[in-house]
Amino acid sequence: MKKLFSLFLFLLVSPLSAHHGAGVYDTQTVIDLTGTVTDFQFRNPHVLIFIDVTDGSGNIVNWSGELTSRNRLSRQVNGNREAWTNNTMQPGDTIQLNGNPAVNGAPFLRLVRVATGDGTVLLGADNSPSGAY
Amino acid sequence: MSRFFYSFVVLLVFVFNVHTASAQEASANLTPGADLSGVWTRDNSAGATSHNSSWSREIPNMTEWAQAQFDGHMPTFGERAVSVSDTNDPVYACYPPGTPRIWLHPFPWEIIQMPGRVLMIYEYDGFIRNIFTDGRGHREGIGNSWMGDSIGYWDDDVLVVETTNMRDDTWIDREGVPHSEEMVVIERFHLRDDNSLWIDIEITDPVALNEPWVTSQAHRKTDWTLEEFRCMDNVSFSEWEEQILEYDN
């Protein structure tokens, strides 16, 4: 199986969220995950994406990632991507997530990039952070 | 006792002067000198002196009373920042940020101009400031409120807004600077040639500040509509956050 889990040094961080205090996420690290959407919550104060990811041992882990607010994504103020709607993704879609992992090892991410299974970037850099940063 | 008496005298002189000045200005300048209407969003890149969490890079010149309050405040921004779980910032408990702190929260807002009145609507928790520009003075006997009592007048093409009667349990900024019920906020809204909207702000408070805190903030116009953003959504969202913090491998 294609490698699903890799770590990259992430030098420039523009926080998507000011809601959390410092220290929840490891902002020096970006994880690259691909999986199947199980839930998409287009809400305030932060949009949430949940995906099932199969790890190297064949176990399925449900990861979740947070973005900025529904209002900001619906205005597309984070770059030149399409404005998001509540139909931007559906359960069952394949999605690639790049984000800062939780410091305590929990399967939670602060997302910095979201792309569809066919490579269309929905938010963040054109390329996966391994190439972009 | 002497400090209280001094503050009282300062307040009397200050309020008298402000009321007199406002009434004179307002009676002569009720006609809008500019069209400021639209949905605006803060532009930190424009060179204004305010930034994401406060009105200046330096802590203001505070009184002893204010310093004691400040020392007990645990903000999530600035040099004394603590985590959200440790903060006593009232906004994290969904209390209103008040005037002028509402400007430090990065959400769009809208100006609606109408005869005798300017409405400022803030996306953050749907706050509204009802600013009367019909020449009236501050209302008497209304007590204090989160956003205060605002009256305005036009100084040529500048909308001048004076706000009083604010509760003393808000912070002036997001770094924990306190104020008293005697705070007066003067905001001057004006357009620049590039159609940016600037707010020049002067915060005076004889109990908390040894000198006025003078600052500015820039905004750019957008084609957005204001959406709903309610602080109480943070409460249900915190269930997800707690799962992170309580995660046990």
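Predicted model: local features only at pLDDT ≥ 70, side-chain atom pairs only at ≥ 80, totals over all residues.
## Overall build of chain B

Let's start with the fold. Chain B has three helices and nine strands, and along the sequence these elements run α-β-α-β-β-β-β-β-β-β-β-α. Of the 249 residues in the chain, 48% are buried. The accessible surface of chain B comes to about 12200 Å², with 50% supplied by carbon and sulfur atoms.

## The disulfide

One disulfide turns up in a search of the whole structure. It pairs B:Cys94 with B:Cys231, and the two sulfur atoms sit 2.2 Å apart. B:Cys94 belongs to the loop between α2 (64-72) and β2 (109-114), while B:Cys231 belongs to the loop between β9 (213-222) and α3 (233-245), so the bond ties together parts of chain B that are 137 residues apart in sequence.

The handedness can be read from the geometry: the torsion about the S-S bond is about -95 degrees, so this disulfide is left-handed. Both cysteines, B:Cys94 and B:Cys231, are buried.

## Salt bridges within chain B

Over all chains, the count of salt bridges is nine. One of them joins B:Arg101 to B:Asp89, with an N to O distance of 2.8 Å. These two residues are 12 apart, and each lies in the loop between α2 and β2 of chain B. B:Arg101 counts as buried at 1% relative accessibility, and B:Asp89 counts as buried at 3%.

A second example pairs B:Arg129 with B:Glu187 at 2.7 Å, N to O. Here the partners come from strands: B:Arg129 from β4 and B:Glu187 from β7 (residues 184-191), 58 residues apart. B:Arg129 is buried, with a relative accessible area of 2%, and B:Glu187 is buried at 0% relative accessibility.

A further salt bridge links B:Asp125 and B:Arg230, whose closest N and O atoms are 3.9 Å apart. It spans 105 residues, from the loop between β3 (117-122) and β4 to the loop between β9 and α3.

## Surroundings of B:Trp146

B:Trp146 is found in the loop between β4 (128-132) and β5 (149-155) of chain B. Leaving aside residues up to four places away in sequence, its contacts include B:Tyr95, B:Pro96, B:Gly98 and B:Thr99. B:Trp146 also touches B:Met166, B:Arg167, B:Asp169 and B:Thr170. As for B:Phe127, 19 residues from B:Trp146 along the chain, the C-alpha atoms of the two are separated by 9.8 Å.

## The contact with chain A

Now for the partner chain. The contact draws 22 residues from chain B and 28 residues from chain A. Together the two chains bury about 2000 Å², 61% of it on carbon and sulfur atoms. Which three residues supply more of the area that chain B buries than any other three? They are B:Phe237, B:Trp240 and B:Ile244, which account for 33% of that area.

Polar features cross this interface as well. Nine residue pairs are in polar contact between chain B and chain A. One salt bridge is found across the interface; A:Arg75 and B:Glu123 form a salt bridge, their closest N and O atoms 2.5 Å apart.

Note on methods:
Residues numbered from 1 in each chain as written. Chains lettered and ligands numbered in written order. Heavy atoms only, no water. Disulfide = S-S within 2.5 Å. Helix = DSSP H or I, 4+ residues; strand = E, 2+ residues; numbered from the N terminus. Buried < 20%, exposed > 50% of the residue type's maximum accessible area, 1.4 Å probe, protein only. Areas by Shrake-Rupley, 256 points an atom, 1.4 Å probe, with all protein chains shown as cover. Contact = heavy atoms within 4.5 Å. Buried area = accessible area lost by both parts, 1.4 Å probe. Salt bridge = Lys/Arg side-chain N within 4 Å of Asp/Glu carboxyl O. Polar contact = N/O pair within 3.5 Å; in protein donor to acceptor, adjacent residues only side chain to side chain.
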